[in-house]
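Please have the structure open while I talk.

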Amino acid sequence: VDIRYYGDDWPPPPGGKGLRYVELARPKVMMVVSPALAEQLSTLSDVSQLLDAPLLHEDHHEQWRAWLARNGVTMASHPRGPLLWHAHLAIAAARQGRGIALASRYLVRDDLRNGSLVEMTVPGSRSVELGSYCFVTREDRWTLPTIVKLRRLLLSRVRSE
């Protein structure tokens with residue numbers, strides 16, 4: 001079984017030859033930042049000004065590109081900022097005040113509760129869906145009792161939130 005986030009606007013798509021999948025959740029993605037950096041960036045008055053802000057990327061620039069496009073900003077080149085390989089590294093860098101990360105509430109719920117991160121908003125911006133978490137397994141194992149049980153458990157948990 002593989003559970004992973006698949007973006008709508010970048011490869012790979014979920015599934016593939018010999019695989020079967022089901023979408024678990026399509027969370028909205030928001031900007032998160034340390035409280036101190038949020039204060040410094042509070043003068044931003046337009047989404048396009050984020051292009052000059054310290055953006056933190058996971059393993060590619062496509063998540064920010066898609067988020068910006070859904071918020072009315074298109075660009076010819078990659079948005080600036082370091083590639084940090086994984087969501088948890090981008091979120092950790094945001095906690096340290098190094099920039100703005102994109103995340104779903106699934107990933108930053110505790111940080112938002114304890115105040116180590118805050119949701120950042122800029123006039124004209126909104127949280128958007130960029131993709132989904134999918135449960136993927138080999139097609140020949142889709143009906144194995146343990147996989148069925150896990151899939152049903154995860155689907156029931158996600159739908160109850």
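Predicted model: local features only at pLDDT ≥ 70, side-chain atom pairs only at ≥ 80, totals over all residues.

The volume of the second largest pocket is about 180 Å³, and the residues lining it are Ile3, Leu24, Ala25, Tyr106, Leu107, Tyr133, Leu154, Arg157 and Val158. Sorted by class, the lining of this second largest pocket holds eight nonpolar residues, one charged residue and no polar ones.

Turning now to the largest pocket, we have a volume of about 550 Å³, and of the 24 residues that line it, Arg4, Tyr5, Glu58, Asp59 and Ala87 are the closest to its centre. Which strand gives the most to the lining of the largest pocket? That is β1, with six residues, while β1 (2-7), α3 (87-95) and β4 (101-104) each supply at least two. The lining of the largest pocket divides into 14 nonpolar, six polar and four charged residues.

Finally, I would like to go back to helix α5, which spans residues 145-160 and contains Arg151. Arg151 is buried and yet has no salt bridge, the nearest side chain of opposite charge being that of Asp140, 11 Å away. What does Arg151 touch, if we leave out residues up to four places away in sequence? Its contacts are then Val22, Phe135 and Trp142.

Terms used:
Residues numbered from 1 in each chain as written. Heavy atoms only, no water. Helix = DSSP H or I, 4+ residues; strand = E, 2+ residues; numbered from the N terminus. Buried < 20%, exposed > 50% of the residue type's maximum accessible area, 1.4 Å probe, protein only. Lys, Arg positive; Asp, Glu negative; His and termini not counted. Salt bridge = Lys/Arg side-chain N within 4 Å of Asp/Glu carboxyl O. Contact = heavy atoms within 4.5 Å. 1 Å grid on protein atoms, 1.4 Å probe; cavity = no way out; pocket = protein on both sides within 12 Å on 5 of 7 lines; lining within 4 Å. Points joined across faces, edges and corners; volume = space filled by probe spheres on them. Nonpolar A, V, L, I, M, F, W, Y, C, P; charged D, E, K, R; others polar.
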